[in-house]
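Here are my notes on the model you asked me to look over. Have it open while you read.

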Amino acid sequence: MSTHKPSCGRSGQLSPEQALAEIAGLRRQLEELEAEQRRRGKAMQGLQHLATRYEALLASIPDIITEVDHRKVYTWVNHAGLAFFGHDVLGRQASDFFIGEQDTYERVQPLFSGDSHVIYVESWQRRKDGEKRLLAWHCRALFDSRGKPVGALCHGPLLLVAAG
């Protein structure tokens with residue numbers, strides 16, 4: 001949207017010089033807009049390349065990587081996590097996969113209260129086929145732009161211990 005206003009004489013018409021000046025001004029505005037569009041296009045390409053790279057990286061990691069929000073609901077899981085928990089894991093509470101009574105939520109609470117940035121915790125978890133496994137989680141707090149904890153990103157290899 002242009003904020004350019006033609007400078008008209010008393011009769012409301014532009015002189016040839018004024019018209020040429022107006023056209024030159026509009027051309028400069030158009031060139032600036034085109035340059036901005038090119039910059040944005042390059043930035044978008046860079047972001048798409050970065051997203052593709054990180055998606056490939058996360059897909060290739062054999063460990064389970066999950067993200068939970070402040071309510072401890074899964075909001076993102078990598079391929080290994082989907083293979084372990086199942087494709088219905090997103091939107092579910094992490095505790096839906098706990099086996100037996102655990103103090104896992106109490107042990108990770110410092111992440112959600114801002115008292116700690118990294119926590120190590122082990123917990124018994126149920127795979128999608130019902131098999132029980134001990135998982136070792138390294139969790140890191142996620143913060144919003146004001147520094148408030150909003151969730152956690154966790155990765156965990158399976159400990160080679162199956163419940164009997």
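The points below cover the disulfide, the nonpolar core and the aromatic rings.

1. Keep in mind that this is a predicted model. There is one disulfide in it, and the partners are Cys139 and Cys154, with their sulfur atoms 2.4 Å apart. The torsion about the S-S bond is about 115°, so this disulfide is right-handed. Cys139 belongs to strand S4 and Cys154 to strand S5, so the bond ties together parts 15 residues apart in sequence. Both ends are tucked away: Cys139 counts as buried at 5% relative accessibility, and Cys154 counts as buried at 9%.

2. On to the core. The largest nonpolar core has 22 residues, and those with the most contacts inside it include Tyr74, Phe85 and Trp137. Strands S1 to S5 and helices H2 and H3 each supply at least two residues of this core.

3. Now the rings: there are five aromatic pairs. Tyr74 and Phe97 have ring centres 6.0 Å apart and planes at 65°, so I'd call that pair edge-to-face. Tyr74 sits in strand S2 and Phe97 in the loop between H2 and H3, 23 residues apart. Tyr74 is buried at 5% relative accessibility, and Phe97 is buried at 5% too.

4. Another edge-to-face pair is Phe98 with Tyr105, centres 5.4 Å apart and planes at 70°. Phe98 is buried at 13%, while Tyr105 is partly exposed at 22%.

5. Last, look at Lys72. Its charged end sits over the ring of Tyr105, 5.1 Å from the centre, and also over the ring of Phe112, 4.4 Å from the centre.

How values were computed. Residues numbered from 1 in each chain as written. Predicted model: local features only at pLDDT ≥ 70, side-chain atom pairs only at ≥ 80, totals over all residues. Heavy atoms only, no water. Disulfide = S-S within 2.5 Å. Helix = DSSP H or I, 4+ residues; strand = E, 2+ residues; numbered from the N terminus. Buried < 20%, exposed > 50% of the residue type's maximum accessible area, 1.4 Å probe, protein only. Core = buried A, V, L, I, M, F, W, Y, C linked by side-chain atoms within 4.5 Å. Phe/Tyr/Trp six-rings, centres within 6.5 Å; stacked < 30°, edge-to-face > 60°. Lys NZ or Arg CZ within 6 Å of the ring centre and 35° of its normal.
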